[in-house]
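Subject: Structure handover

Hello,

Here is the structure I promised to pass on. Please open it first, then read my notes below.

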Amino acid sequence: MPDCPCGSGSALDACCGPLLSGERVAGSPEELMRSRYTAFAVGDADHLLRTWHPRTRPARLALDPELTWLSLQVVATDGDTVEFIARYRGPTGRGFQREVSRFAQRAGRWFYVDGTAS
């Protein structure tokens with residue numbers, strides 16, 4: 001079994017896999033954020049849209065096939081926010097995205113609302 005891209009050290013099937021497949025929902029903002037990173041890493045735009053808050057969700061989402069997501073570092077979690085650094089490699093070299101993401105619970109499920117890059 002391959003390791004989960006989120007960096008948990010667990011196998012994908014035991015970590016973010018069940019969230020991506022819809023078998024279960026995230027129990028916390030951090031768990032949802034990790035599953036969303038994994039969705040970017042494996043190209044699962046459906047999971048990203050399904051877990052985006054309806055108020056801020058785009059109509060469509062096109063993932064960049066030239067980006068390879070390399071690693072995720074959770075910097076801090078505080079209530080409904082998660083700060084993280086996601087590293088990637090693209091056509092112009094390596095880079096990273098540092099963001100504080102906001103999440104909201106709706107009908108017992110967590111959703112990504114928006115994020116502020118820093």
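Start with Y112. Y112 is buried, at a relative accessible area of 11%. (Buried means under 20% relative accessible area, exposed means over 50%, and partly exposed lies in between, with a 1.4 Å probe and protein chains only.)

Some ground rules. This is a predicted model, in which local features need pLDDT of at least 70 and side-chain atom pairs count only at pLDDT 80 or more, while totals for chains, interfaces and linings use all residues. Residues are numbered from 1 along each chain as its sequence is written, and side-chain values use heavy atoms, with hydrogens and water left out.

**Aromatic pairs**

The structure holds five aromatic pairs. (Rings of Phe, Tyr and Trp, the last by its six-membered ring, pair if their centres lie within 6.5 Å; planes under 30 degrees apart count as stacked, over 60 as edge-to-face and the rest as tilted.)

One of them joins F40 and W69. That pair is tilted, with 5.9 Å from centre to centre and 55 degrees between the planes. F40 lies in helix α2 (residues 29–42) and W69 in strand β1, so the pair ties together parts 29 residues apart in sequence. (Helices, H or I with at least four residues, and strands, E with at least two, are DSSP runs numbered from the N terminus.) F40 is partly exposed, at 32% relative accessibility. W69 is buried, with a relative accessible area of 18%.

Y112 pairs with W52. Their ring centres are 5.3 Å apart and their planes stand at 80 degrees, so this pair is edge-to-face. W52 sits in the loop between α3 (45–50) and β1, and Y112 in strand β4 (residues 109–117). The two are 60 residues apart, so distant parts of the chain are linked. W52 is buried too, at 15% relative accessibility.

W52 has another contact. The charged end of R36 sits over its ring, 5.0 Å from the centre. (A charge sits over a ring if NZ of Lys or CZ of Arg is within 6 Å of the ring centre and within 35 degrees of the ring normal.)

There is also a cluster: ring pairs link Y37, F40, W69 and Y88.

Strand β1 (residues 68–78) pairs with strand β2 (residues 81–90) in the antiparallel sense, over nine bridges. (Two strands pair if DSSP finds at least two bridges between them.) S71 has R87 in β2 as its bridge partner. Two residues lie between the strands of this hairpin, and G79 takes a positive phi near 60 degrees.

**Salt bridges**

How many salt bridges does a search of the whole structure find? It finds four.

- E31 and R24: the closest N and O atoms are 2.6 Å apart. E31 is partly exposed at 24%, and R24 is partly exposed at 35%.
- E30 and R34: the closest N and O atoms are 3.0 Å apart. Both lie in helix α2, four residues apart, about one turn of the helix. E30 is partly exposed at 26%, whereas R34 is buried at 19%.
- E83 and R98: the side chains meet at 2.9 Å, N to O. E83 lies in strand β2 and R98 in strand β3 (residues 93–106), so the pair ties together parts 15 residues apart in sequence. R98 is partly exposed, with a relative accessible area of 27%.

Best wishes
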